[in-house]
Amino acid sequence: MPCSRRRALQLLGTAGATAATAGCLSPGSLDSYALIGDELDLSSIGPPYLWPDPTVIDATTRVDFTTEAKTASLSALFETGTVTVRQWPLVGRDEWGTETRPRPTFLRRDETFYEVRITDERVLERERWHFAVDRVDETPPDGAAVAEPPFDLSDQDERVLDAALDAVYAGNDGFLGDPEFDELQTVEFHHGLDADASALIPSPPFEFVEYEDEYFRAVTERRTVEVPEWTYAIGEVSDSRADFIAYARDAIVERNLTDAGLSQAAQGVFDGAIAEEPRRYEEGAPPSDELSEALGALGIAEDLEPIDSYEERVDFRNVVVEYRDGVYRFDLIVTP
């Protein structure tokens, strides 16, 4: 039986942490600037660019929207050519410093390929209920209402409780030690959940939850939250796979560095970033002239702030370019 992410993290020991982080880049292992490249095969197009089944794209919420709700939005998009949704990023976004930028996104229906674009976006403020569990070290006092599996809850409330338990470990990526947060990790009752029908709101029928030999205090509160809203428009590309791949490739590849007139030193930066070992090019601050030239060629330099202006690590993700005889995807990681 597969275990949940939170259980896997609870069970993870030193050997597990070593295996989980092998070949990965943690902030502590990087210099101030790390440019990482890998070859990208665009002879066929798939996720994260083409989504044959977009309902697998998660909402920006701890409890995902139902497949039925996503399908209804997609039907409206294909029938009318446009749809407005909240908290469902149908068009993917890549980290870009302290911001994000949209990624070329395509759908397929009935053997026809389409491109989806964002035509409008805004952030709304909404009052919403939240539920959370807060881990406690002490055993609950005698007489306290303690829930334990199997929980006698509706399907909706089971999903909320499960998401709340997962949220306790949401910041733990496999490294040793307990996760620490500045604030309680809550589950939002978004517009796809019915707070009025929930037994958890405004107060659950229990004070504590016992799960996997640990105790958690139940918390509910009402908060003002920012809700992203996107309007998407769809356009037909082609019913020919070959024509679609050619179109998508042109949309995904941003630049041709082969014809960019790079200096030998800047080419050395790119060659280091795509080399088999260590598959990255690193420098301390401030960036050298050759790194600055390389970042300019990637279109990153114009949005890169002085490193002292960043309080924490920032990434510039998924810059796809032609270089030498191939197509490569580059990421810049900036670690103050």
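What percentage of the 336 residues of the protein chain count as buried? I looked this up before anything else. The value is 43%, where buried means under 20% relative accessible area, exposed over 50%, and partly exposed in between (1.4 Å probe, protein chains only).

I note that this is a predicted model, in which local features need pLDDT of at least 70 and side-chain atom pairs count only at pLDDT 80 or more, while totals for chains, interfaces and linings use all residues. Residues are numbered from 1 along each chain as its sequence is written, and side-chain values use heavy atoms, with hydrogens and water left out.

**Whole chain**

I found 7 helices and 15 strands in the protein chain. Helices (H or I, at least four residues) and strands (E, at least two) are DSSP runs, numbered from the N terminus. I then looked up contacts, defined as heavy atoms within 4.5 Å. Among those between residues at least 6 apart in sequence, 76% join residues at least 24 apart. The accessible surface of the protein chain is about 17,900 Å², and carbon and sulfur atoms account for 45% of it. Areas come from the Shrake-Rupley method with a 1.4 Å probe; for residues, only the protein chains shown count as cover.

**Helix α7 and the cores**

I went to α7, residues 289-298, and found Leu291, Ala294, Leu295, Ala297 and Leu298 buried. Seen down the axis of α7, these buried residues fall within an arc of 155°, so they line one face of the helix. The arc is that of the directions from the helix axis to the C-beta atoms. The packing partners of the buried residues of α7 are β1 (33-39), β12 (255-256), α6 (264-274), β13 (281-283), β14 (314-323) and β15 (326-334). Just after α7, I noted glycine 299 with a positive phi of about 80°.

I next looked up nonpolar cores, each a set of buried Ala, Val, Leu, Ile, Met, Phe, Trp, Tyr and Cys residues joined through side-chain atoms within 4.5 Å. The largest has 29 residues, and those that touch the most other members are Leu35, Phe270, Leu298, Phe316, Phe330, Leu332 and Val334. β1, α6, α7, β14 and β15 are the elements that give two or more residues to this core. Apart from it lies another core, of 24 residues, including Val63, Tyr169, Phe189 and Ala218. In soluble globular proteins, nonpolar side chains tend to be buried together.

I also listed the contacts of phenylalanine 270, leaving aside neighbours within four places in sequence: Leu35, Leu257, Leu262, Ala294, Ala297, Leu298, Tyr323 and Phe330.

**Strand β11 and its partners**

Which strand do 23 bridges join to β11? I found β7, residues 112-136, running antiparallel to β11. Two strands pair if DSSP finds at least two bridges between them. Arginine 126 has valine 225 in β11 as its bridge partner.

β3 (residues 82-86) pairs with β11 (residues 214-238) over 5 bridges, in the antiparallel sense. Here valine 83 stands opposite tyrosine 232. Valine 83 is also touched by serine 73, as are Val85 and Trp88, not counting residues up to four places away in sequence. Serine 73 belongs to helix α3, residues 67-80, and is buried at a relative accessible area of 18%.

β10 (residues 208-211) pairs with β11 over 4 bridges, again antiparallel, and tyrosine 211 is bridged to glutamate 214. The hairpin of β10 and β11 has 2 residues between the strands, and in it glutamate 212 takes a positive phi near 50°. Aspartate 213, in the loop between β10 and β11, has a positive phi of about 65° although it is not a glycine. Aspartate 213 counts as exposed at 73% relative accessibility.

**Other loops**

I found threonine 139 in the loop between β7 and β8 (146-147), exposed at 57% relative accessibility. Threonine 139 lies 71 residues from glutamate 210 in sequence, with 9.5 Å between their C-alpha atoms.

Arginine 324 sits in the loop between β14 and β15. Its phi is near 55°, positive in a residue other than glycine, and arginine 324 is partly exposed at 44% relative accessibility.

I noted a cis peptide bond between proline 47 and proline 48, with omega about 10°; proline 48 is in the loop between β1 and β2 (50-51). The bond from isoleucine 201 to proline 202 is cis, with omega near 0°, and proline 202 lies in the loop between β9 (187-188) and β10.
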